[in-house]
Amino acid sequence: MKGVVLDDVALLMAESDTVATAIDDLDDGRRIAGEGRDLSLSEDVPFGHKIALVAHDPGDEVRKYGEVIGRATDPIAPGEWVHTHNCESTRGRGDLAAAGEEVAE
Amino acid sequence: MSADSPSEAAAGDFEGYRRSDGRVGVRNDVLVLPSVICSHLVAEEIAERAGAVATPHDHGCAQLGADNDQTERTLVSLGENPNVAGTVVVGLGCEEVQSDAVAAALDERGFPVREVAIQDAGGTDACIDAGVAAVDDLRAETDAASVGGASLGDLTVGVVVDDLAESTVERANPLVAGLADRVLDAGGRVLVAGNERYAAHPMETRARVKRSAESAVDAFLERHRDLPARATRVSADAREAGFDAATGFAGDHPLADVVAYGERAEADGLSLVDAPSRFEEAATGLAAAGANLVVHVTADGVPAGHPIVPVLKVSGDADTLAALPDDIDVDAREADAADLVDAVRDVADGRKTRAEAHGLTEFALTRVGPSM
Amino acid sequence: MVKTFEGYRRANGRVGVRNHVAVVPTSVAASSVARGVADEAGAWAKATPHQMGTTQPDATREQTARVLAGIGRNPNVGAALVVELGTEDIDAESLADRIAETGKAVETLSIRETGGTRAALARGREIVAGLNDEAREARREGADASELIFAAECGGSDATSGIAANPAVGNACDRLVADGGTASFSETPEFIGAEHILAERCADDDVRERLLERVADREGMADMMGVDLRGAQPTPGNQEGGLTTIEEKSLGAIAKGGTTPIEGFAEFAEELPVGGGLVPMDTPGYDVESVVGKVAAGAQVVAFTTGRGSTTGNPIAPVIKVTGNPKTWDRMANNMDVNASTVIDGESIESVGERVYETLLAVAGGERTEAERRGLEEFAVNEVQPQELRGASAGAGAGR
């Protein structure tokens with residue numbers, strides 16, 4: 001597997017990533033330590049879903065695979081679950097175009 | 001005209017299946033409805049093993065916005081068709097049009113329904129077994145006996161006309177118009193497909209509309225402005241031939257509504273279903289709108305039937321009648337409107353159409369956006 | 001040493017991995033007869049029923065004809081029957097001619113000329129039996145891996161697709177390209193957010209420009225429909241599986257093409273070269289249509305990664321299902337061929353990639369996939385929609 005496994009339960013694809021991927025169903029409160037990181041989950045995170053490694057402000061880039069995969073829509077603290085409720089795409093936004101807004105790159 | 005003996009039903013009545021919402025079905029099949037192409041072979045297999053009908057289609061995922069909505073509402077409306085005794089929705093699990101949402105929509109409206117999904121069941125083999133069990137279960141719950149005393153006024157007749165050939169315009173359309181007028185006069189409903197025919201003649205279309213339908217018709221015409229037609233040849237021919245030739249099958253009644261593709265028709269009287277003059281797509285739109293059966297005028301002799309609605313094939317084309325003697329139900333050169341009414345009543349009473357007899361059906365949906 | 005397999009060498013030099021008799025309808029009006037003919041005949045006869053109308057706008061019709069001709073031309077097809085009602089704009093004779101250019105036996109059947117549905121079913125069965133007698137003369141013989149065109153597809157993706165299954169299939173693509181073969185991946189909407197990585201790998205500016213243009217076109221479809229692409233991409237199953245945005249899905253999706261230079265960029269269903277290296281294709285992300293596009297382009301074998309567990313196959317090309325999700329492997333083993341979830345337990349991508357490559361060669365040599373065993377043969381033609389043609393100059397190419 002490419003990337004680094006954190007504490008047997010989360011996969012960090014690239015060093016610059018702001019999220020890691022759960023490779024098990026993880027419970028609220030689970031501590032993930034090692035590889036110079038130490039955080040605790042503040043909610044359940046299912047297999048395959050993403051965990052914030054760093055604090056994000058709204059509008060901050062969310063990075064995985066060493067690339068931008070979207071931007072935060074809410075403040076996200078380390079240990080929080082990152083998904084569609086707090087992260088959105090910046091691409092293919094015909095809804096914004098239809099609303100006459102500028103589509104951010 | 002068919003040589004079959006006249007219907008046993010007396011005084012113009014036929015035996016149908018009265019549904020809980022009061023509508024009458026002319027067939028009593030359990031429908032196995034895939035929500036997505038990925039489950040359509042599984043759905044067909046379930047239907048074959050359980051003696052039900054299936055509507056395999058190529059859609060249900062990677063569709064955007066209005067296009068996705070149209071597919072989903074069409075599937076739900078098919079489950080509401082009065083010919084359907086109950087529906088088993090079959091999903092994959094990860095698709096856009098989710099089988100549980102389709103099933104929930106039917107359940108909410110009081111229609112008998114079950115749902116199975118390949119990923120939930122643990123693969124295709126297990127899903128087929130679960131689906132067959134669901135059909136049996138549903139059939140036990142919905143075992144409706146046919147009841148006599150239904151009449152022309154209980155029927156919703158769908159009409160789709162393939163072309164503007166001379167035989168169609170001169171011979172077949174007047175028969176169908178006669179049928180439409182009689183059904184409407186009796187208090188029944190008539191649904192016509194052929195959006196490009198009306199879109200080609202906005203002025204004339206507006207002049208033949210009930211006041212209550214004016215805004216629906218205006219919206220329809222706006223939707224089709226500058227939009228290339230799906231049935232290209234019909235569109236060009238309709239423009240050239242004029243409104244009367246293009247829509248001569250619809251009879252004398254004004255349009256009471258325009259029904260979006262995949263919606264259930266709500267208005268009494270004559271409604272235009274926003275479907276192209278392509279038989280397979282139109283038949284699905286008409287079935288979704290609530291048609292009990294479809295009268296299909298075809299100079300070319302397009303032969304397939306439809307899984308949910310019996311299809312009466314009408315042709316006035318001498319070559320086609322000679323070439324496809326076993327596929328056409330009504331020879332428009334010889335029949336009159338009364339004959340067509342009798343044929344419709346016989347089919348409503350359970351007589352198989354030619355397409356039902358040879359057993360080949362085709363099922364297609366209209367799209368309004370590209371696959372993503 | 002270059003790997004080998006046993007296949008059916010066709011008159012035009014291409015090598016088939018199956019020896020089907022294809023039954024190809026020219027329109028929806030002939031589809032049920034085509035299906036009826038093939039169903040009765042036996043497992044060697046493969047129908048490709050579809051829903052395209054008897055008349056279509058020019059650009060739409062051209063694409064339909066290209067797909068249908070490509071299906072007949074695919075080297076997995078030993079002989080073909082083209083079925084028409086007899087009034088379609090796409091006529092059976094000219095479609096048959098395009099297929100016959102490859103040197104295989106082709107017949108046509110007109111429902112009208114034969115005397116209707118029942119007569120056409122009976123006549124069709126006679127014709128395909130005769131075609132099968134001819135096709136059966138072919139024998140498997142030694143062929144090089146370099147003669148394979150391998151298509152990579154993903155569907156029902158989840159987070160494991162980008163971590164395990166796609167990189168493993170990508171590794172198999174790298175191995176095939178190193179052996180001199182052709183690999184193709186597609187699904188242009190799933191390049192969105194990752195196109196800069198692909199652009200850097202393009203062999204020349206022309207390929208790069210075309211690729212970027214097509215990605216912009218696909219993204220523009222969301223604008224055309226006035227909606228957020230997320231309505232369709234990622235799909236609900238993708239999102240449940242942990243994929244949040246199209247960018248995330250794309251970055252995982254492009255891994256299935258491997259890491260070699262991008263030598264060309266094919267239009268939908270455009271014939272792929274033999275020995276061409278990595279040549280992606282412009283297709284929708286809609287997996288069934290996308291697979292059909294690459295098979296119509298000549299791909300003999302497909303690898304299809306799926307985290308959630310898509311079960312679809314194809315009538316003409318065997319489809320190898322690869323999952324990176326351990327739960328899917330456990331629950332849906334009957335529908336999966338290769339377990340890539342071992343990556344999560346520590347098996348290297350290279351090792352799983354080698355297993356995928358060995359499976360590809362075994363399947364090319366005749367081993368049946370789970371989808372083949374179950375008769376899962378989904379087929380659909382991607383239709384260029386009137387909405388895409390609105391305002392476009394008349395008859396503009398592929399219309400996108």
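These notebook entries record what I looked up in a predicted model with chains A, B and C.

**Conventions.** I number residues from 1 along each chain as its sequence is written, and chains are lettered from A and ligands numbered from 1 in the order in which they are written. Since this model is predicted, I note that local features need pLDDT of at least 70, that side-chain atom pairs count only at pLDDT 80 or more, and that totals for chains, interfaces and linings use all residues; side-chain values use heavy atoms, with hydrogens and water left out.

**Which chains touch.** I took contact to mean heavy atoms within 4.5 Å. Two pairs of chains are in contact, and chains B and C share the most contacts. Chain A and chain B do not touch, and I find their nearest C-alpha atoms 10 Å apart.

**Chains C and B.** I looked up this interface next. Chain C brings 70 residues to the contact and chain B brings 71. About 5400 Å² is buried between the two chains, with carbon and sulfur atoms giving 55% of that area. Here buried area is the accessible area (1.4 Å probe) that two parts lose on being put together, summed over both. I note that C:Q51, C:R112 and C:Y286 supply 15% of the area that chain C buries against chain B, more than any other three residues.

The rule for salt bridges (a side-chain nitrogen of Lys or Arg within 4 Å of a carboxyl oxygen of Asp or Glu) finds five between chain C and chain B. One of these joins B:D125 to C:R374, with the closest N and O atoms 3.1 Å apart.

Several helices of chain C give two or more residues to the side that touches chain B, among them α5 (117–135) and α8 (205–225). The largest share, six residues, comes from α1(C). Helices (H or I, at least four residues) and strands (E, at least two) are DSSP runs, numbered from the N terminus. I record 25 nonpolar, 28 polar and 17 charged residues on this side of chain C. In this division Ala, Val, Leu, Ile, Met, Phe, Trp, Tyr, Cys and Pro count as nonpolar, Asp, Glu, Lys and Arg as charged, and the others, Gly among them, as polar.

**Chains A and C.** I find 31 residues of chain A in contact with 38 residues of chain C. The two chains bury about 2600 Å² between them, 56% of it on carbon and sulfur atoms. There are six salt bridges, including that of C:E195 with A:R91, whose closest N and O atoms are 2.6 Å apart. I count 18 residue pairs in polar contact, again with both at pLDDT 80 or more. On chain A, β8 (67–72), β10 (87–88) and α1 (94–98) each give two or more residues to the side that touches chain C.

**A sheet in chain B.** I traced an open sheet of four strands in the order β4-β3-β5-β6, with parallel pairing. Strands pair if DSSP finds at least two bridges between them. β4 (53–54) and β6 (113–117) each have a single partner strand, so one side of each is left without a neighbour in the sheet. Strand β3 (residues 29–34) pairs with β4(B) over two bridges, and B:V32 has B:A54 as its bridge partner.

Key: A polar contact is a pair of N or O atoms within 3.5 Å; within protein, one must be able to donate a hydrogen and the other to accept it, and residues adjacent in sequence count only if both atoms are side-chain atoms.
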